[in-house]
Amino acid sequence: MITDSPHLYRQTALAQSVPPEFLDLLIRAAYETERHGLQAVLTLKHLAHQTGADHSYLRNVIGRDTDPYDEFLLQGKRLISSPHPAIRAVQKWILANILGRVACHPASFAYERNKSIAQCARRHLGAKWLVKLDIHNFFPSIDEREVFRIFTELGYRQLISFEMARLCTRPGIGALHKIPTDRPPSRSDYTTIRKYRTTAGVGYLPQGSPTSGALANLAMRLIDERITEAISGTSIIYTRYADDITFSTAEKFSRQDAVDLIRMTDRILRLKGFLRHERKTKVVPPGARKIVLGILVDSDHIKIPIDTRNRLVNDIRGAEKFGLLAHAHHRNFSSALGFGEHISGMLSYCHDVDPGWTEPLWKRWSIVLRNHNIPLTSTRHTDKN
């Protein structure tokens with residue numbers, strides 16, 4: 001850390017002909033981030049040095065001269081943007097040294113160490129009513145202006161905040177809807193550095209990037225705070241897992257109360273330019289089966305629904321019998337790798353809920369992946385902690 005030994009840092013920089021007045025500015029900037037336990041990033045060259053990335057390559061990505069992502073459809077419907085290895089490595093460094101060190105709101109359960117879907121679902125055990133909402137176009141609704149704001153609020157100087165925002169977003173129009181918000185004007189037409197000017201449109205968070213989940217949580221912090229404040233003093237429980245919002249209560253409640261709760265949430269979501277997905281809004285009354293994030297919560301402990309268990313067993317059996325690629329195509333996946341990651345993720349998710357049932361399936365699935373030379377990217381819950 002720079003502020004651990006600022007004298008040594010100053011001596012080294014002066015030996016490299018860095019102007020003394022600029023050094024004072026850099027040391028103050030380092031203090032602003034390092035005092036919060038975050039890694040200092042003073043310039044793009046400094047970031048390139050720390051990550052081992054090529055400085056010219058980073059400038060090209062920031063200038064939108066290249067779109068370093070490959071696209072594939074998950075389950076034939078969800079667009080995943082997979083970053084190329086060079087930019088993925090930089091994003092992983094930013095996640096590990098900056099974004100991953102910032103705590104999310106307690107109501108948020110996704111993309112944070114030591115939090116899980118199972119923990120989120122357990123919050124709703126014993127509920128009589130559920131109100132489930134989904135945010136429409138969640139990741140594309142968070143653009144580079146919001147990401148720039150996040151980095152500046154973490155203490156980074158404006159230029160490097162802008163550069164890191166570009167490195168963590170993908171060029172394009174971003175959100176498919178336009179809602180008035182308190183966001184600053186677009187910085188796509190960047191004029192200070194000519195190379196950074198672009199006509200590619202405002203960048204947005206790509207689903208599939210290592211940093212997108214953490215940035216989405218930080219972008220949603222105000223939403224989480226406002227909703228928590230709005231329901232304080234009531235028996236209502238609020239959780240958010242990425243774009244999935246769940247409210248529950250075991251006390252007196254009605255459909256009109258649910259409508260009022262949904263309208264309140266709509267107003268708060270609009271503060272950051274988000275829209276609720278109308279077709280995915282559900283009010284679950286007493287007596288109905290209660291599922292949160294695919295997990296049954298209508299008893300005193302969480303359970304994996306029988307249809308989920310059967311589908312997972314059938315997928316593993318199908319891959320064993322017909323081959324991974326053939327079964328992936330049968331399930332409308334565009335690649336064996338995408339299907340493999342999907343099943344590995346499902347197994348990890350089920351292991352968090354019922355490890356005894358899941359463990360034998362993990363062993364069978366590991367053999368399938370090994371036979372097809374595909375690395376096991378998801379690990380069992382017991383391996384994560």
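In which sense do strand 3 (residues 129-136) and strand 5 pair, and over how many bridges? They pair in the antiparallel sense, over six bridges.

This is a predicted model, in which local features need pLDDT of at least 70 and side-chain atom pairs count only at pLDDT 80 or more, while totals for chains, interfaces and linings use all residues. Residues are numbered from 1 along each chain as its sequence is written, and side-chain values use heavy atoms, with hydrogens and water left out.

**View 1. The whole protein.** The protein has 16 helices and nine strands (DSSP runs numbered from the N terminus: helices are H or I with at least four residues, strands are E with at least two). Of its 385 residues, 48% are buried (under 20% relative accessible area, 1.4 Å probe, protein chains only). Among contacts (heavy atoms within 4.5 Å) with a separation of 6 or more, 71% join residues 24 or more positions apart.

**View 2. Strand 5 beside strand 3.** Strand 5 covers residues 244-249, and five of its six residues are buried. Strand 3 pairs with strand 5 in the antiparallel sense (pairing requires at least two DSSP bridges between two strands). Across this pair, Val131 stands opposite Phe247 of strand 5.

**View 3. Strand 5 beside strand 4.** Strand 4 (residues 237-241) also runs antiparallel to strand 5, with five bridges. Ile237 has Ser248 of strand 5 as its bridge partner.

**View 4. The turn between strands 4 and 5.** These two strands form a hairpin with two residues between them. Ala242 lies in the turn and has a positive phi of about 60°.

Methods:
Buried < 20%, exposed > 50% of the residue type's maximum accessible area, 1.4 Å probe, protein only.
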